[in-house]
Amino acid sequence: MVRLIAILVGLGFVGVAAWSLLWGAIAYVSEPHEETAEHRFHLYPKKVSFASDGPLGHFDRQQLQRGFQVYKEVCAACHGLNLVAFRNLADLGYTEAEVKAIAAQWQIEVPSINEQTGEPATRKAIPADKFPNPYANEVAARAANNNAMPPDLSLITKARHDGPAYTYSLLTGYRDAATYRNEKGEALPAENRPGQGLYFNPYFPNLNLAMPPPITADGQVTYADGTPATRDQMAKDVSAFLTWTAEPFLENRNRTGWAVLVFLLIATVLSYMSYRNIWAGYKH
Amino acid sequence: MSFPWAKQYEPKHPLMQWFDQRLPLPRLVFNSVGPGYVVPRNLNYFWNFAVLAGFMLVEQIVTGIILAMHYAPAGDIAFQSVEHIMRDVNQGWMMRYLHANGASFFFIVTYIHIFRGLYYGSYKAPRELVWMLGVVILLLMMATAFMGYVLPWGQMSFWGAKVITGLFGAIPLVGEPIQTWLLGGFAPDNAALNRFFSLHFVLPFVIAGVVILHIWALHIPGSSNPTGVDIKTPQDTVPFHPFYTAKDGFGLFLFLIFFCAVTFFLPNYLGHADNYIPANPLATPAHIVPEWYFWPFYAILRAFTVDFILSAKLWGVLAMFAAILLLFFLPWIDRSPVRSGNYRPRFKQFFWILVLDVLVLGYVGGKPAEEPYVMISQLATIYYFAHFLIILPIVSKFEKTLPLPNSIAESVLHGEKKESAPYGIQAGGNAQAVPAE
Ligand code: HEC
Ligand code: HEM
């Protein structure tokens, strides 16, 4: 009885699924399936390596400081970092006094109140503050950016697939839509050309984004450590910095991981020996 | 049932005797996972996965309780509070990565455990209730994991919750009121987040309760084994402790190497990048996908694309639930008296097709709903239902099975009358009560 019902129910689901398949297949062969422009022109992130890659990954503190400098001088005008506090910069190798100075000199002040009147006011940042948002609110942010919202960058390298390489590719990936050819030599169709206030970038999923190319010229920042500030170098450094903002505990994680693995390896060998020992002489 | 040759608990220390007479808890442990539980001697490594699943449940509860000490279930701060755990709580990142990856590995070991049962016919009499309680555990795990994934309140959390509760909207007439009632509003918000947290906290303890029933029911007939032949004589068995505690200990550490390697070195590999974007009801992600362990069922849900009497959506929902619920009836669908797939040549072939089929379903379930993935998911869905509901009843009726060994001991010893160390003598050499042969 159960089997009979099972077969009937089974035939039901199989039949309806097959019916869907039939219509799907008819549509598949009869309708032209053109590849979308996103399919043809979108590029996966470039191959690029960072010190933080892989199980042996660590941070290159000099690079993080350079990347922070790029963030401060370029990106901070539009992007916040609201999960990171100034005090966290100590991780990059800045001294306490340097951190204090960075906070106090930050171009954007922190919302506060006037001690006497209680009126809204702003004050200089202190190390305990998170990086202040460049815009008072979303409306202000959109108004200043052609109705697009510059996302907070604290987690950006984890919020995009292959994040550090993606950020690097995006920053170095702006192209002229009029002259661009994909690897098959095709030109960008007119309807995919960037509209008013948009910029063509094949690494961005829908090919056009509202961020004007932020890194435009070699030497845009002057690195304190004397590294030549090429566009490529700046893009890489700021991507490394954003890897740190997204996962500041990365080194601790890798170190802990190795300690755990060594422990587990020893425990596995010991438990294997005791298993063999106990079963010695027993066929199984 | 306890086998007559199982060791009896005899507390030696007066304190333990005193305790045992008043509360026979030591006796319970001794008879459940100690020397008092006799187990077939021929279990292979697939029998390790139950212990691994039990371990993962405890691991999820421990890390979960610690997360819950720092997590705040409110729409505007849930995401921040998870990042607070990651950045400011000592070793908080470890607790969260263990918990998030722990859910994945919990499902990995549970799925292997289930396929073990499917292959070796562990669902057959007299273990039907063991199997059915297992399906209950799977359903509870899925509910728990789904609600847990909503808690960090990222983009996938929000949209996943919206899509899945939206499935109830497919029910004619009462669907939408039910969805609103489940969410406590028209879209996921504070009310939904709070109740999901409450349920996510409590369901694991319900699971723990059902696990106890599952093991209780198992210990009546005892464990099955790769031959599927019942235990007959003492030669067929070894005491659980130390034989399987040792083997499970080894299996556990081996498993933890994989679990910890992923957790510490690829902690976000199994997750979706979009969940690091705070939930935004106004921005729909390009592809809404659940966690990987739901992909096979998600593929079945989306395989139904054409209305047929009922709406396509409702068919998808029914099929998705049926895909799991049909497992409850498996003991009566497959009536072959032979349990183990080792002795069922036809069944074995279909079994491996099923494994492949579920992997294909998982693959297409994680892809966008575009061709050719949809057609592949339809084909795979057809096989899934055909396998359980049509092929199994027919195969189990007509299949010619291979001859079974007379006993577990025979299958292990291959005719050797005596083995080097008789039952009951431990490797260390200290003699134990040797039951009469
Ligand atoms: C003039 C303001 C401005 C500056 C300066 C700027 N950005 Fe942006 N950025 C934007 C806007 C606006 C968007 C949103 C684009 C969109 O969604 O179309 C954006 C988006 C992004 C994105 C996300 C792209 C995605 O995948 O959604 C990243 C990453 C990014 N910016 C990085 C940077 C970095 C790094 C810098 C500094 C080198 C920088 N931006 C400087 C305005 C700016
Ligand atoms: C059956 C066992 C469990 C499973 C399968 C499970 C699964 C999950 C999943 C998939 C997440 C989302 C992880 C992420 O992406 O961040 C999560 C989060 C969470 N879980 Fe669990 N969980 C279990 C048990 C528990 C228990 C027992 C508690 C508390 C008593 C708990 C508390 C939490 C909390 C507070 C979060 C949010 C923090 C975060 O997102 O990391 N969980 N759970």
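**The shell around ligand 2**

Guide: In chain B, α3, α5, α6 and α9 each supply at least two residues of the shell around ligand 2. Helices here are DSSP runs (H or I, at least four residues), numbered from the N terminus. The model is predicted: local features need pLDDT of at least 70, side-chain atom pairs count only at pLDDT 80 or more, and totals for chains, interfaces and linings use all residues. Residues are numbered from 1 along each chain as its sequence is written, while chains are lettered from A and ligands numbered from 1 in the order in which they are written.

Visitor: Which helix gives the largest share of the shell around ligand 2?

Guide: The largest share, 7 residues, comes from α3(B). Among the 27 residues around ligand 2, those that come nearest are Gln60(B), Gly64(B), Ala103(B), Gly148(B) and Leu151(B); a residue is near a molecule if its C-beta atom, placed from the backbone, lies within 6 Å of it.

Visitor: Where does α9(B) bend?

Guide: A bend is the angle between axes fitted to the seven residues ending at a residue and the seven starting there. α9(B) bends by about 25 degrees at Val202(B), and Pro204(B), a proline, follows within four residues.

Visitor: How many residues of chain B are in contact with chain A?

Guide: Two residues are in contact if their C-beta atoms, placed from the backbone, lie within 7 Å. Here 56 residues of chain B are in contact with 52 residues of chain A. On the side of chain B that touches chain A, α10(B) provides the largest share, 14 residues.
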